Amino acid sequence: MTKKLENKVAIITGAGSGMGAEMAVLFAAEGASVVGADINIERANEVVEKIKTAGGKAVAVKTDVSKLNDIKNMFKVARDTFGQIDILVNNAGIMDDFSPVGEVSNDEWQRVFAINTDSVMYAMREAVKEFLPKKKGVILNTASVGGTNGGRAGVAYTASKHAVVGITKSAAFMYEKEGIRINAIAPGGINTNINESIKNAIRFGSQRMQSGLGLMPGVGPATAIANAALFLVSDDSDFINGAILPVDGGWTTY
Ligand code: NAD
């Protein structure tokens, strides 16, 4: 059977852990050359080693996605190593401290927006420069059910992911005649290391957020996101553009 991403080069941010790591492994198994970007280079290197051991192609690049120069370097490494870029997955992200707007600090707001949102704009701007001349390219963003609903996190995370949804839809519309497809996944509760990024959970916000957890159908595996991601970056989804796909077991149906 032909592999779904043969001869494709995919940049994946946050590839050292959780969903990004599973995407990297799956995309490589489907024939892609993977550029695994992460601020945690040790974890990214482990994922790259796993891919290479399985016979795949991958390179790790230390990247703080909130820094424009790091984003530019990530594209340079992709070009220098594999000669082209076909797929960009903006997946790196962090949780907030569940602060409601009345308690959010400037630091929490800016940190979350820099990593979850500014990064997506920076990388998409670079990717579009790459994709427009060849009229071909795919972008996938990891949003969240927090990007479509109000009670899944604090204000900073919720607003940062709503912005990712907005960037996705705007870009999908703008470039729909230019051969560039842009979609997002909105994961529900997924078993990853994301809780490591919670610094100092705010009690009131956590309690409000937890009131909806009883209706969560369960915590899904990161492989569920990787499978959806493979579909959205492959030609199997070539008529899907601007979609925000919930992968949440149905959590957002209430
Ligand atoms: P994770 O913590 O397991 O993985 C995130 C990766 O991003 C880590 O390897 C981390 O080192 C990296 N990262 C963090 N800050 C970075 C930075 N500044 N620059 C580069 N890399 C950075 O978490 P995950 O759950 O796999 O998260 C992936 C995405 O999924 C995030 O955007 C997150 O917001 C989103 N998401 C997660 C859940 C969930 O329940 N886990 C739900 C909805 C959305």
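Student: In what order do the 7 strands of the open sheet stand, and is the pairing parallel or antiparallel?

Tutor: Strands (E, at least two residues) and helices (H or I, at least four) are DSSP runs numbered from the N terminus, and two strands pair if DSSP finds at least two bridges between them. Here the order is E3-E2-E1-E4-E5-E6-E9, with parallel pairing. Strands E3 (57-62) and E9 (244-247) stand at the edges with a single partner strand each, so one side of each lacks a neighbour in the sheet. The model is predicted: local features need pLDDT of at least 70, side-chain atom pairs count only at pLDDT 80 or more, and totals for chains, interfaces and linings use all residues. Residues are numbered from 1 along each chain as its sequence is written, and side-chain values use heavy atoms, leaving out hydrogens and water.

Student: Is threonine 158 buried or exposed?

Tutor: Buried means under 20% relative accessible area, exposed over 50%, and partly exposed in between, with a 1.4 Å probe and protein chains only. Threonine 158, in helix H5 (residues 155-174), has a relative accessible area of 10% and is therefore buried.

Student: Which residues is threonine 158 in contact with, leaving aside its neighbours within four places in sequence?

Tutor: Contact means heavy atoms within 4.5 Å. The residues are Asp96, Gly146, Gly147, Asn149, Gly150 and Ala153. Between the C-alpha atoms of threonine 158 and glycine 146, which lie 12 residues apart along the chain, the separation is 4.9 Å.

Student: Over how many bridges do E2 and E3 pair?

Tutor: Strand E2 (residues 33-38) pairs with E3 over 6 bridges, in the parallel sense. Within this pair, aspartate 38 stands opposite lysine 62 of E3.
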